[in-house]
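Good morning, colleagues. Please look at the sequence and the structure on the screen while I go through them.

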Amino acid sequence: MLKKEYIYKEFLRKENNILRAPYNPELEFYSAIKSGDINKVKEICVENFTSKKGLGTLSSNSIQNIKYHFAITAALIARYCIEGGMDVSTSYSLSDFYIQKADIATNFKDIDHLHKKLCLDYTTRMHNLRKHKICSIHIVRCIDYIQDNLHTRITLDELSDLVGLSPAYLSRLFKKETGTSTRDYIRQLKLDAAKNMLVYSDFTPAQIASILAFPDQSYFTEVFHKYMGITPKKYQSQHLRELALKEK
């Protein structure tokens, strides 16, 4: 049986490192699973888990060491997915299932295969959960397209061409199934992305405005302040101070 003390301590160490890092690929990995981004998770999982660099030493036995790290990863994924809306019981039961499978594995190849299954299982469930209230394939396609293209200026006409519906009809259908307009939906996703970039990257507000295809920094600042009640620069400073305090 896996040693719970080792797992818990390493869990805390990894979680704190994710929060402290100005940019950390692990944050991107867990966020991709949480958001149900199947393509991104497949891309990240091309690298074998057992050959991943930077894993600490929790056991002198190499296979046991990987099992400990597998359990930590499963625990973190479960926690992120619960934050994303997955039922607590489902998320932890799924984590337990994969940890038990890893515990009886006898080689690295089996653990690598199990890690990919773990990640894609959670990601697919989150992907389906995100679309649970969406009935129309047209709106599903629009949402996928929007999430994949936040770096561009997305218009209603562009979306209507994508799904073969008139702009007026698509607008009504989108509002009916999501509860918001395409414009507001796109804006909210861009603001969510901007918040993460302000805290977990080295990009300036001006660079983020450009990356997310806002017309200019002034407009980005205006929209961000309207919805968040604070400017991007102040939001960044405030949250970086909070992360600094957590490091102490």
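At what angle do helix H4 and helix H6 pack, and how far apart are their axes? Before I answer, a word on the basis of the values. This is a predicted model, in which local features need pLDDT of at least 70 and side-chain atom pairs count only at pLDDT 80 or more, while totals for chains, interfaces and linings use all residues. Residues are numbered from 1 along each chain as its sequence is written, and side-chain values use heavy atoms, with hydrogens and water left out.

To the question, then. Helix H4, residues 62–83, packs against helix H6, residues 108–130, at an angle of about 0 degrees, and their axes lie 11 Å apart. Axes here are lines fitted to C-alpha atoms, for helices over the stretch in contact, and angles run from 0 to 180 degrees between N-to-C directions. H4 is therefore roughly parallel to H6; the scale is under 35 degrees for roughly parallel, over 145 for roughly antiparallel, 65 to 115 for roughly perpendicular, and oblique for the rest.

On the H4 side, the residues of the contact include Phe70, Ile77 and Cys81, and on the H6 side they include Leu114, Leu118 and Met126. Contact means heavy atoms within 4.5 Å. By class, the residues of this contact divide into 14 nonpolar, three polar and one charged. In this scheme Ala, Val, Leu, Ile, Met, Phe, Trp, Tyr, Cys and Pro count as nonpolar, Asp, Glu, Lys and Arg as charged, and the others, Gly among them, as polar.

Let me now turn to the chain as a whole. The protein chain has 13 helices and zero strands; helices (H or I, at least four residues) and strands (E, at least two) are DSSP runs, numbered from the N terminus. Of its 248 residues, 42% count as buried. Buried means under 20% relative accessible area, exposed over 50%, and partly exposed in between, with a 1.4 Å probe and protein chains only. Among contacts with a separation of 6 or more, 64% come from residues 24 or more positions apart. The chain exposes about 13900 Å², of which carbon and sulfur atoms supply 53%.

Which residues does Thr182 touch, not counting residues up to four places away in sequence? Thr182 touches Leu156, Leu159 and Phe174 on that count. Thr182 lies in helix H10 and is buried, with a relative accessible area of 9%.

Next, the charged pairs. Side chains of opposite charge can pair when their charged atoms come close. How many salt bridges does a search of the whole structure find? The search finds four, a salt bridge being a side-chain nitrogen of Lys or Arg within 4 Å of a carboxyl oxygen of Asp or Glu.

Helix H10, residues 182–200, contains Asp184 and Arg187, three residues apart and so separated by about one helical turn. Their closest N and O atoms are 2.7 Å apart. Asp184 is partly exposed at 34%, whereas Arg187 is buried at 14%. Asp192 and Lys195 also lie in H10, three residues apart, and form a salt bridge with closest N and O atoms 3.6 Å apart. Asp192 is partly exposed at 29%.

In helix H3, residues 38–44, Lys40 and Glu43 are likewise three residues apart, about one turn of the helix. Their side chains meet in a salt bridge at 3.5 Å, N to O. Lys40 is partly exposed at 22% relative accessibility, and Glu43 is exposed at 52%.

H3 also holds Lys42, which is partly exposed at 47%. Lys42 and Leu120 are 78 residues apart in sequence and 7.4 Å apart in space, C-alpha to C-alpha.

I close with a backbone detail. Ala213 has a positive phi of about 60 degrees although it is not a glycine. Ala213 is found in the loop between helix H11 (205–211) and helix H12 (217–228), and is partly exposed at 24%.

Key. Areas by Shrake-Rupley, 256 points an atom, 1.4 Å probe, with all protein chains shown as cover.
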